[in-house]
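I opened this entry to keep track of what I looked up. The notes follow in the order of looking.

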Amino acid sequence: MGYIDKLPAMDLMRSEKMTPVQLIIPVESARRAISYLGQLGLLQFRDLNADKSPFQRTFVNQVKRCAEMSRKLRFFKDQIHKAGLMSAPRPILQPEMELEQLEMQLAEYEHELLEMNNNSEQLQQSYSELLELKIVLQKAGGFLVSSKSHVVSEEIELDDHVYSNEGYHVYSNEDYADTTSLLEKDMIPGPSNQSGLSFISGIIIRSKVLMFERMLFRATRGNMLFSQAPADEKILDPVSTEMVEKMAFVVFFSGEQAKTKILRICEAFGANCYSIPEDITEQRQLNRVVLSRLSELEATLDAGIHLRNNALTFIGSQLSKWIDKVRREKAVYDTLNMLNFDVTKKCLVGEGWCPIFAKTQIQEVLQRATFDSNSQVGVVFHAMDAVESPPTYFRTNRFTNSFQEIVDAYGVARYQEANPAVYTIITFPFLFAVMFGDWGHGICLLLGALFLISRESKLGSQKLGSIMEMVFGGRYLLLLMSLFSIYCGLIYNEFFSVPYHIFGGSAYKCRDATCSDAHSVGLVKFQDAYPFGVDPSWRGSRSELPFLNSLKMKMSILLGVTQMNLGIILSYFNARFFHNSLDFRYQFLPQMIFLNSLFGYLSMLIVIKWCTGSQADLYHVMIYMFLSPFDDLGDNQLFPGQKVLQA
């Protein structure tokens with residue numbers, strides 16, 4: 001609370017009296033003076049450079065530097081989030097740094113992180129490629145062994161995949177190698193390169209395998225063999241940076257044209273191709289080299305991640321403090337851009353508004369800023385005349401602050417108008433409780449509010465998240481909401497939506513001893529009404545829904561009309577305070593007449609119906625009061641002279 005605790009008693013009903021002031025601040029103490037005034041929060045500056053664009057102002061370079069530092073801090077925050085270091089570590093105490101020193105330090109940390117990220121990405125890409133090569137060696141090696149043991153007896157089985165010989169095609173000698181069926185090539189003894197049979201091995205994302213195989217079949221006109229096997233582990237996709245499932249494959253083909261087509265299709269589908277030796281001995285030797293290289297890369301990656309996490313941990317311990325400092329400095333320079341340089345360029349001139357009671361505190365702060373900046377000239381602070389209307393300033397404390405923020409979210413009262421937040425302290429929690437209306441849930445809310453209030457000094461000094469800061473700021477609002485909810489819950493007789501006989505027995509009993517028709521036929525009253533709130537026997541009865549809905553709906557109308565009347569009455573006191581007879585005659589009086597002639601009259605009918613037990617239909621009364629004002633009311637008449645009054 002700081003200075004607020006030392007201030008005189010506040011006026012809750014109306015804005016504090018404001019006075020226009022002028023400040024003449026030496027350049028050497030300007031930044032520190034504005035910073036101290038910002039912490040005080042009792043002076044609002046006018047923009048004396050409104051005709052200038054943001055790029056034409058004096059301290060535009062400092063604002064850009066702060067914006068750049070904010071970008072770096074957001075980058076650090078994203079990196080911490082991606083690394084999974086979301087738990088806030090214990091802050092490491094460090095001396096306060098100047099803005100220039102912090103700027104240099106942030107640039108160094110960003111350069112280090114970018115370099116570590118770049119190295120990590122390259123190592124991770126190499127690791128993924130070696131891992132894919134290992135999988136292809138394991139899976140494709142088995143395909144190559146099985147292809148060598150292929151026998152001629154499979155001719156009948158493979159004949160089903162060969163195109164029909166209904167049409168005759170003539171091929172030249174050059175095209176024969178690309179069009180001869182793989183069955184014929186496979187039956188030729190000798191290695192695959194001697195028989196003209198070649199293969200391409202690689203790995204592809206599992207979801208693309210089916211379309212990939214179809215495209216290969218069409219491109220080679222079916223003159224290929226495709227074998228596939230799922231990888232035993234997921235592999236990091238460099239594009240999406242996610243772990244994906246992949247399939248190892250081997251495509252057997254013949255001819256250079258088919259090879260060119262297959263390689264292009266592999267490139268289009270993002271399949272990575274790897275050269276695998278046919279000799280088993282060479283395959284095993286290559287596999288040992290790959291496993292050794294993978295082990296080295298794993299150790300290097302782990303060491304890099306550990307080093308990076310240590311750097312991010314230190315940055316995370318200081319991040320909130322750095323963010324606050326950069327925000328404060330940017331706010332200081334934004335405020336300095338609202339001030340004017342005098343003709344000598346040795347001091348800044350500012351104008352603004354401050355509460356009259358705060359002039360002494362502002363002068364003390366300016367003297368402290370002059371002393372701390374070792375300036376030889378003090379700050380000139382004096383009152384001045386102004387034409388425009390002053391801004392509105394309501395002083396708040398830890399109890400009234402949340403209610404004032406709720407009202408200000410809808411609109412800020414004009415200078416010296418009545419403050420609606422004073423009435424909101426009661427009306428807002430009560431209207432919430434009318435909707436909430438459960439004393440079991442109210443007790444839970446009360447315990448939460450009491451916990452926040454009991455830990456007020458500890459939680460107030462900690463850095464909370466945005467949601468928790470909002471909840472903590474409204475702790476006294478939650479306290480009143482819970483108390484009113486318990487009260488309305490007792491009236492509704494609902495404890496976690498279950499009624500209880502808290503205040504004695506029910507006023508109703510069953511018609512017969514078996515109580516078999518209690519909920520179907522109804523209950524009979526045998527004693528006085530339930531002493532407080534809704535009788536628990538209404539719950540589950542045949543009349544529960546119309547009775548409770550009528551009660552809550554009509555009560556909501558009464559409360560709503562009461563609150564609207566309260567707002568209009570406040571406008572009367574505002575008109576009276578400003579001696580504005582026009583607002584009284586042409587705003588207050590018409591609003592009161594129209595509101596209470598319609599909804600005020602409806603509220604009166606609701607109360608009369610409750611008191612008399614009449615069966616009148618209020619919907620019918622309100623509708624036909626306009627459509628047929630002179631017709632006979634019949635059963636809808638609630639009091640003598642109603643027809644004349646409505647007309």
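**Nonpolar patch**

I looked up where the nonpolar patch gets its residues: the largest share, 5 residues, comes from α20. I take helices (H or I, at least four residues) as DSSP runs, numbered from the N terminus. The model is predicted, so local features need pLDDT of at least 70 and side-chain atom pairs count only at pLDDT 80 or more, while totals for chains, interfaces and linings use all residues. Residues are numbered from 1 along each chain as its sequence is written, and side-chain values use heavy atoms, with hydrogens and water left out.

I listed the members of the patch as Met553, Leu598, Phe599, Tyr619, Ile623, Tyr624, Phe626 and Leu627, making about 850 Å² of surface. Such a patch takes residues with over 30% relative accessible area and no salt bridge, and joins nonpolar side chains (Val, Leu, Ile, Met, Phe, Trp, Tyr) within 5 Å. A salt bridge is a side-chain nitrogen of Lys or Arg within 4 Å of a carboxyl oxygen of Asp or Glu. Areas come from the Shrake-Rupley method with a 1.4 Å probe, and for residues only the protein chains shown count as cover.

I noted that α19 (581-612) and α20 (618-627) each supply at least two of the patch residues. Leu598 lies in α19 and is partly exposed, at 31% relative accessible area. The terms are: buried under 20%, exposed over 50%, partly exposed in between.

I found Leu618, Val621, Met622 and Met625 buried in α20. They cover an arc of only 90° around the axis, so they sit on the same side of α20. The arc is that of the directions from the helix axis to the C-beta atoms. The face turned away from the buried side of α20 carries the exposed residues Tyr619 and Leu627. Among what covers the buried residues are α19 and α21 (642-646), where contact means heavy atoms within 4.5 Å.

**Helix α9**

I then checked α9, where Ala258, Ile262, Ile265 and Cys266 are buried. Their arc is only 100° around the axis, which puts them on the same side of α9. Glu256, Arg264, Glu267 and Ala268 are exposed on the face turned away from it. After α9 comes Gly270, with a positive phi near 75°.

**Ser402**

What does Ser402 touch beyond its neighbours within four places in sequence? I found Gly473, Gly474 and Leu477 in contact with Ser402. Ser402 lies in α12 (residues 401-410) and counts as buried at 5% relative accessibility. Its C-alpha atom is 5.4 Å from that of Gly474, 72 residues apart along the chain.

Technical notes. Patch = residues over 30% accessible without salt bridge, like charges linked within 9 Å, V, L, I, M, F, W, Y side chains within 5 Å. Buried < 20%, exposed > 50% of the residue type's maximum accessible area, 1.4 Å probe, protein only.
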